[in-house]
Amino acid sequence: YRMTELQAALGISQLKKVNKFVLKRHSLKSRYDLMISNLPLIKPFQSDDCYSALHLYPVRINNSEKNAKSRAQIFNELRENQIGVNVHYIPIHTQPYYRRLGFRVGDFPNAENYYGSAISLPLFSSMTFNQQDEVISALQEGLQ
């Protein structure tokens with residue numbers, strides 16, 4: 001890939017701010033950890049010997065109750081409430097190319113189980129605490 005000089009200049013200017021961006025994401029992550037601790041969610045694991053840039057904040061829906069909503073239901077409700085959640089990542093063996101190679105649903109149950117329960121909550125360095133509160137409020141409502 002050939003980057004233009006303009007793209008390189010933009011990249012260099014962003015690198016000067018990366019530590020500030022990562023610190024803000026860590027602040028937001030700590031807030032998420034605290035504010036969702038009472039919800040039926042599995043928070044992302046962070047090893048003590050690693051320092052992540054936290055480009056994602058994936059939670060897993062702990063829907064062990066019979067009447068619990070599925071990840072898809074919660075995802076759709078959050079989207080309807082203008083919360084920019086995403087799903088990372090669709091198991092590769094379920095993609096059309098790999099299906100044509102003979103891979104089938106059920107071949108990698110751990111990947112499929114993860115995919116069936118994971119939602120990435122919004123996390124970006126310019127996110128405000130008020131925006132994060134809106135995400136948490138909508139998530140609490142969606143999990144009821």
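A residue is called buried when its relative accessible area is under 20%, exposed when that area is over 50%, and partly exposed in between. By that scale, Phe-103, at 31% relative accessibility, counts as partly exposed.

First, a word on confidence. What we have here is a predicted model. Its mean pLDDT is 93, and 98% of the residues reach 70 or more. Among the elements, H4 has the highest mean pLDDT, at 97, while strand E1, residues 41-42, has the lowest, at 92.

Let us turn to the aromatic pairs. How many does the structure hold? There are 4 aromatic pairs. One of them joins Tyr-32 and Tyr-57: the ring centres are 4.8 Å apart and the planes stand at 25 degrees, so this pair is stacked, the limit for stacking being under 30 degrees. Where do the two partners lie? Tyr-32 belongs to helix H2, residues 18-35, and Tyr-57 to strand E2, residues 57-61, so the pair ties together parts that are 25 residues apart in sequence. Are these tyrosines buried or exposed? Tyr-32 has a relative accessible area of 0% and is therefore buried; Tyr-57 also counts as buried, at 0%.

Phe-103 and Phe-108 form another pair. Their ring centres are 6.3 Å apart and their planes are at 35 degrees, so the pair is tilted. Phe-108 counts as partly exposed, with 41% relative accessibility. Both phenylalanines belong to one aromatic cluster, together with Tyr-97 and Tyr-98.

Which residues make the nonpolar patch of about 410 Å²? They are Tyr-97, Leu-101, Phe-103 and Phe-108. Leu-101 is located in the loop between helix H4, residues 96-100, and helix H5, residues 109-117. With a relative accessible area of 53%, Leu-101 is exposed.

Finally, two rings have a charged partner. The charged end of Arg-31 sits over the ring of Phe-129, at 4.3 Å from the ring centre. Likewise, Arg-71 places its charged end over the ring of Tyr-115, 4.7 Å from the centre of that ring.

To close, I would set two pairs side by side: Tyr-32 with Tyr-57 is stacked, whereas Phe-103 with Phe-108 is tilted. Thank you for your attention.

Notes: Residues numbered from 1 in each chain as written. Predicted model: local features only at pLDDT ≥ 70, side-chain atom pairs only at ≥ 80, totals over all residues. Heavy atoms only, no water. Patch = residues over 30% accessible without salt bridge, like charges linked within 9 Å, V, L, I, M, F, W, Y side chains within 5 Å. Areas by Shrake-Rupley, 256 points an atom, 1.4 Å probe, with all protein chains shown as cover. Salt bridge = Lys/Arg side-chain N within 4 Å of Asp/Glu carboxyl O. Helix = DSSP H or I, 4+ residues; strand = E, 2+ residues; numbered from the N terminus. Buried < 20%, exposed > 50% of the residue type's maximum accessible area, 1.4 Å probe, protein only. Phe/Tyr/Trp six-rings, centres within 6.5 Å; stacked < 30°, edge-to-face > 60°. Lys NZ or Arg CZ within 6 Å of the ring centre and 35° of its normal. pLDDT = per-residue confidence, 0-100.
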